[in-house]
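Here are my notes for you, as numbered points. Keep the model open while you read them.

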Amino acid sequence: MTIQEDVPLAPLTTLQVGGRARYFAELRREDEVREAAHFAKTRGLPLFVLGGGSNVVIADCGWPGLVLRIAIGGITSPRAKEAPGNAVLFSVGAGVHWDDFVAQAVAQNCAGVECLSGIPGSVGGTPVQNVGAYGQEVSDTIESVRALDLKEDRIVVLPKPACGFRYRASIFNSTERSRYIILRVNYRLKRGGAPSLKYADLQRHFARSKTPPSLAETRAAVREIRRSKGMLIVPGDDDCRSAGSFFKNPVLGFEQFKGLAERAASKGLDIPSYAALDAQHKISAAWLVEHSGFSKGYARGAAGISHKHALALINRGDAKASDVVGLKDEIQSGVQEIWGVRLEPEPVFVGF
Ligand SMILES: Cc1cc2nc3c(=O)[nH]c(=O)nc-3n(C[C@H](O)[C@H](O)[C@H](O)COP(=O)(O)OP(=O)(O)OC[C@H]3O[C@@H](n4cnc5c(N)ncnc54)[C@H](O)[C@@H]3O)c2cc1C
């Protein structure tokens, strides 16, 4: 294990802002992860675990302790792990690029993650905020998570129910934040399963097809739709220098939703919403942003809003973290003032 000093973090993130790590290590094996955690503990250094850097905003002052970049690879051969009912168990290293795993699963005709095609970042990052898109969430297919428990100083395997998955949440970003370093994730997919086509965007895409799409066609469609929204990392596309959606879709109780819908109706507007669990309504954060005076392409100095997606805050070239935070604050205040809803950011703020 090599510990480097004074390492710039911005290039390791998709938003490309922020300062340096005092110490930094890239780790390919589980024993290296334990060793690095021990290094931090014995020196009293704060620890931060970095995956693909696609859901973080690093502060301009950087990180005062040790940053661990998890690069554990390996996707186990599904043939050896075939279970009854066409279920296929994949054990995937936390450092594998998520979309490489999706590509491999689809190539092996395994359903369950095809709608999550094109999401950047690492496999280890996916359970943290229960990554989701186009009608699928990783919690639909996660069987268990193998992790180093820093509190107990031992490796544990957490079965799905212990992970506490909810919309964009799990124990890893809520009750047990900073306790676990995820080493591998085990997914249960279905060989020969049909692709999930729950989302209107996907249904529209295939509206003229005479035969149901294959998993590979669904993956290609998702990537195409994502590209059109700047939600696929494409070299040279300035609109994808982002952390993805910057705000979560607010989930409101019935009374709050009713008040909001009435406020919209008084302006002659109809607010897009989806029924959520427990008589709640999930509201489109993008709609709130766009109906609060922030259009696609809005610029505030070196930070701005993507030309293709109202929820993606972008680094327009040489933005600092403070520019991005300034824009975030401005949008939050604008939405709160007009709609009475406080938007909650989705990315993780590191070193603030
Ligand atoms: C263009 C774009 C599109 C996106 N689209 C979507 C989308 O459709 N749906 C969606 O849900 N998200 C989306 N995202 C957000 C992001 O890609 C996901 O949240 C992704 O899973 C983050 O993984 P990462 O490896 O990059 O994590 P990082 O950004 O490196 O880290 C995020 C958090 O996870 C923790 N973490 C990462 N790896 C580990 C590990 N091994 N052990 C413990 N903790 C860890 C970090 O400490 C941090 O708290 C998008 C982002 C971008 C830039």
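1. Start with two helices that touch: Asp-99, Val-102, Ala-103 and Val-106 in H2 meet Leu-215, Ala-216, Arg-219 and Arg-223 in H4. Contact here means heavy atoms within 4.5 Å. Helices are DSSP runs of H or I with at least four residues, strands are E runs of at least two, and both are numbered from the N terminus.

2. A word on what you're looking at: this is a predicted model, where local features need pLDDT of at least 70 and side-chain atom pairs count only at pLDDT 80 or more, while totals for chains, interfaces and linings use all residues. Residues are numbered from 1 along each chain as its sequence is written, and side-chain values use heavy atoms, with hydrogens and water left out.

3. Back to that pair. The axes of H2 (residues 98-107) and H4 (residues 215-228) come within 9 Å and cross at roughly 150 degrees, so H2 is roughly antiparallel to H4. Axes are lines fitted to C-alpha atoms, for helices over the stretch in contact, and angles run from 0 to 180 degrees between N-to-C directions. Under 35 degrees counts as roughly parallel, over 145 as roughly antiparallel, 65 to 115 as roughly perpendicular, and the rest as oblique.

4. What kinds of residue make up the contact of H2 with H4? They split into 5 nonpolar, no polar and 3 charged. Here Ala, Val, Leu, Ile, Met, Phe, Trp, Tyr, Cys and Pro count as nonpolar, Asp, Glu, Lys and Arg as charged, and the others, Gly among them, as polar.

5. Now try H5 (residues 254-266) and H7 (residues 321-339), which pack at about 85 degrees with axes 10 Å apart. H5 and H7 are therefore roughly perpendicular to each other. Leu-260, Arg-263 and Ala-264 of H5 make the contact with Glu-337, Ile-338 and Trp-339 of H7.

6. On to the ligand. It has 34 residues around it, and Val-49, Ser-54, Asn-55, Ser-122 and Arg-226 come nearest (a residue is near if one of its heavy atoms lies within 4 Å). By class, this shell has 16 nonpolar, 15 polar and 3 charged residues.

7. A backbone N or O atom of Val-49 lies 2.6 Å from a ligand oxygen atom, and one of Pro-120 lies 3.0 Å from a ligand oxygen atom.

Terms used: A polar contact is a pair of N or O atoms within 3.5 Å; within protein, one must be able to donate a hydrogen and the other to accept it, and residues adjacent in sequence count only if both atoms are side-chain atoms.
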